[in-house]
Amino acid sequence: ECGHHYARAMSSWGLILALSGFQCDLRAGMLGFAPRVHEQDFQCFWSVDGAWGSYSQKTHRAALRVIEGSLKLKRLALSFYAGATNGTLVWGAKKARVTITPGGEILLPRPITVRANQILAITFDV
């Protein structure tokens, strides 16, 4: 099934999930990433029911871009930033300070809907 230069269509998607450490719980409004490669300069595609887009992270900044659809979020789980304690969240013309838990979870000040062509960016305090 998955050998000799052939992979079933859906099994190849498992690589994106494994390398990005993608987590999703739409009921709880949670999206998360725990990259296994290139943590300090990482970018990947993501897709959930009703939306898809890209995620990128650098040493002090993460960005979640919705390309199509909309995504309602209450929290983000970003394990790379587990050592950070505070940050600034920017989406559209709005800005808010956020606290990061020791595990790298960001509880948003209120539920946020990120729509098509919007970017949710977080800058982490050094």
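**Notebook: cavity, core and salt bridges**

I began with Leu78 and listed its contacts, leaving aside neighbours within four places in sequence: Phe33, Tyr55, Ala62, Gly104, Ile106, Ile122 and Phe124. I note here that the model is predicted.

**Entry: the core.** I then looked up the largest nonpolar core, which holds 30 residues. Leu78 is among the residues with the most contacts inside this core, together with Trp46 and Tyr55. I recorded the elements that each give two or more residues to the core: strands 2 (30-33), 3 (41-48), 4 (51-58), 5, 6 (86-91), 7 (94-99), 8 (105-115) and 9. Strand 5 supplies the largest share, seven residues.

**Entry: the cavity.** How many cavities of 30 Å³ or more does the whole structure contain? My search returned one. I noted a volume of about 40 Å³ for the largest cavity. Its lining consists of Phe33, Tyr55, Ala62, Ala63, Leu64, Leu76, Leu78, Leu120 and Ile122. Two elements give two or more residues to this lining, strand 5 (61-78) and strand 9 (118-124). Strand 5 gives the most, with five residues. Sorted by class, the lining has nine nonpolar residues and neither polar nor charged ones.

**Entry: Ala62.** Is Ala62 buried or exposed? Ala62 counts as buried because its relative accessibility is 3%, under the 20% cut-off. Beyond four places in sequence, I found Ala62 in contact with Tyr55, Ser56, Gln57, Leu78, Tyr81, Leu120, Ala121, Ile122 and Phe124. Ala62 and Leu78 are separated by 16 residues in sequence, and I recorded 8.7 Å between their C-alpha atoms.

**Entry: salt bridges.** I searched the whole structure and found three salt bridges.

- Asp41 and Lys58 meet through their side chains at 2.8 Å, N to O. The pair links distant parts of the chain, with Asp41 in strand 3 and Lys58 in strand 4, 17 residues apart. I noted Lys58 as partly exposed, at 45% relative accessibility.
- Glu105 pairs with Arg75, and their closest N and O atoms are 3.1 Å apart. I logged Glu105 as partly exposed at 23%, and Arg75 as partly exposed at 24%.
- Arg97 and Asp125 meet at 2.7 Å, N to O. Because Arg97 lies in strand 7 and Asp125 in the segment after strand 9, the pair ties together parts 28 residues apart in sequence. Asp125 is partly exposed, with a relative accessible area of 34%.

Conventions: Residues numbered from 1 in each chain as written. Predicted model: local features only at pLDDT ≥ 70, side-chain atom pairs only at ≥ 80, totals over all residues. Heavy atoms only, no water. 1 Å grid on protein atoms, 1.4 Å probe; cavity = no way out; pocket = protein on both sides within 12 Å on 5 of 7 lines; lining within 4 Å. Points joined across faces, edges and corners; volume = space filled by probe spheres on them. Helix = DSSP H or I, 4+ residues; strand = E, 2+ residues; numbered from the N terminus. Nonpolar A, V, L, I, M, F, W, Y, C, P; charged D, E, K, R; others polar. Buried < 20%, exposed > 50% of the residue type's maximum accessible area, 1.4 Å probe, protein only. Contact = heavy atoms within 4.5 Å. Core = buried A, V, L, I, M, F, W, Y, C linked by side-chain atoms within 4.5 Å. Salt bridge = Lys/Arg side-chain N within 4 Å of Asp/Glu carboxyl O.
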